[in-house]
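Dear colleague,

Please find below the structure that I am handing over to you. My notes on it follow directly after.

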Amino acid sequence: MTTLTNLLDLDPAQLIAYCGELGEKPFRAKQLQRWIHQFGASDFNAMTDLAKSLRDKLAGRAVISAPAVISDHTSTDGTRKWLLDVGAGNAVETVFIPEENRGTLCISTQAGCAVNCRFCSTGKQGFSRNLSVGEIIGQLWMAEFAIRKSKGLEPGPKGERQITNVVMMGMGEPLLNFEPTVTAMKLMLDDNAYGLSRRRVTLSTSGVVPMIDRLAQECPVALAVSLHASNDQLRDGLIPLNKKYPISELMAACRRYLDYAPRDFVTFEYCMLDGVNDSDLHAHELVSLVRNELNPVPCKFNLIPFNPFPESGLTRSSNIRIKAFAQVLIDAGIVTTIRKTRGDDIDAACGQLAGEVQDRTRVQERMQKMTEYQNKYGKNFGRIVEVSA
Ligand code: SAH
Ligand code: SF4
């Protein structure tokens with residue numbers, strides 16, 4: 001039996017090579033790529049400007065296939081969340097956040113996550129596996145054309161794009177699934193695919209320092225760093241990875257990244273946890289961290305009200321506290337925003353993505369995979385930390 005090639009797995013160069021194997025010129029690959037990513041086609045027969053012989057060849061050996069949609073919910077505020085089947089009882093989530101002049105898609109890169117941050121429900125479920133290129137870009141492909149369809153819009157390359165921004169902020173740590181994530185992002189940027197500017201694609205990381213440097217070389221996009229703490233003791237207790245890559249190394253990596261970044265600042269995400277990291281002292285400590293006279297880090301802060309989930313044992317800071325915290329940063333001249341919580345009624349908010357159809361009996365297996373990851377990335381990686389906060 002021949003295995004069918006999923007064309008969503010191929011980046012522009014690989015698609016050219018694939019067409020070459022079929023005896024086709026590179027421009028055919030461009031046409032094919034436009035059909036897939038700009039018209040949302042999944043049926044080769046619909047690709048009317050390709051020769052019938054090529055369409056037949058493709059139909060026999062290739063498919064265009066994104067993960068199957070298990071559920072599709074729209075919140076009262078317009079936020080739309082899809083739950084996608086990635087096989088073997090694993091599901092991941094993709095969230096669309098419409099705003100007045102832009103539409104942002106939040107994409108997952110792994111089923112589960114091995115970093116196991118204390119405040120994140122994805123982390124609490126353990127790590128299952130990395131997503132493939134097709135499963136990552138397939139989220140954008142599926143969502144863009146599903147949204148167009150529900151608005152009655154025609155597919156097509158120009159003018160009607162619904163998703164104008166992408167954030168790699170769904171389930172998983174994108175820098176621990178580096179190559180598929182970068183390949184998928186290259187497709188997002190490619191003019192014959194989605195043509196998004198680098199400034200409109202943001203990768204969020206919990207701070208995998210060596211991979212931040214690799215990203216700078218291979219695919220510099222806007223960078224968001226999940227900081228969440230103003231000193232190492234506090235951060236060690238919230239993000240176990242901090243023991244491997246402490247804050248000073250993370251700040252140095254951010255500074256290096258800015259030489260390559262499409263924006264001249266890093267966005268620090270800071271999840272507001274009541275009584276844990278939200279005092280004025282913490283805010284002042286942050287100011288000295290990023291305004292350090294010798295080595296300042298050009299940055300913005302995005303304060304995220306914690307989205308609680310039952311097992312966390314944590315609560316959200318009050319709105320008054322969040323505002324007071326923001327004011328300390330603003331008074332120090334740091335651009336600071338407080339993130340609006342969206343999609344609460346459909347559990348689509350940050351950190352609530354848990355792929356709820358997961359077969360819970362497979363927790364043992366996922367924990368085993370997590371241990372393998374920890375062995376690979378260092379003993380302080382993952383689910384091991386006593387929280388001192
Ligand atoms: N793994 C990457 C990207 C996915 S998480 C990272 O950690 O950056 C996306 C953002 O949601 C991160 O800033 C993360 O810290 C934040 N987050 C996780 N759980 C949250 C929760 N329960 N409430 C609010 N924000 C949360
Ligand atoms: Fe993983 Fe990010 Fe959740 Fe931490 S916050 S467990 S890195 S998905």
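Axes here are lines fitted to C-alpha atoms, for helices over the stretch in contact, and the angles between them run from 0 to 180 degrees between N-to-C directions. Please note that this is a predicted model.

Helix α10 spans residues 280-290 and helix α11 spans residues 319-331; their axes come within 9 Å and cross at roughly 30°. Because angles under 35 degrees count as roughly parallel, α10 is described as roughly parallel to α11. The crossing of the two, α10 and α11, is right-handed. On the α10 side the contact is made by Asp280, His282, Ala283, His284, Leu286 and Val287, and on the α11 side by Arg321, Ala324, Phe325, Val328 and Leu329. Sorted by class, the residues in this contact between α10 and α11 are 7 nonpolar, 2 polar and 2 charged.

Which residues of α10 are buried? They are His282, Ala283, Leu286, Val287 and Val290. These residues lie on the same side of α10, because the arc they cover around the axis is only 145°. The elements covering the buried residues of α10 include α8 (232-238), α9 (247-258), β12 (266-272), β13 (299-305) and α11.

Leaving aside residues up to four places away in sequence, Ala111 touches Val86, Asn90, Val92, Phe127, Ser128, Arg129 and Leu131. Ala111 and Ala91 are 20 residues apart in sequence, with their C-alpha atoms 6.7 Å apart in space.

Yours sincerely

Key: Residues numbered from 1 in each chain as written. Chains lettered and ligands numbered in written order. Predicted model: local features only at pLDDT ≥ 70, side-chain atom pairs only at ≥ 80, totals over all residues. Heavy atoms only, no water. Helix = DSSP H or I, 4+ residues; strand = E, 2+ residues; numbered from the N terminus. Parallel < 35°, antiparallel > 145°, perpendicular 65-115°, else oblique. Left-handed = near helix turned anticlockwise from the far one by under 90°. Contact = heavy atoms within 4.5 Å. Nonpolar A, V, L, I, M, F, W, Y, C, P; charged D, E, K, R; others polar. Buried < 20%, exposed > 50% of the residue type's maximum accessible area, 1.4 Å probe, protein only. Arc of directions from axis to C-beta.
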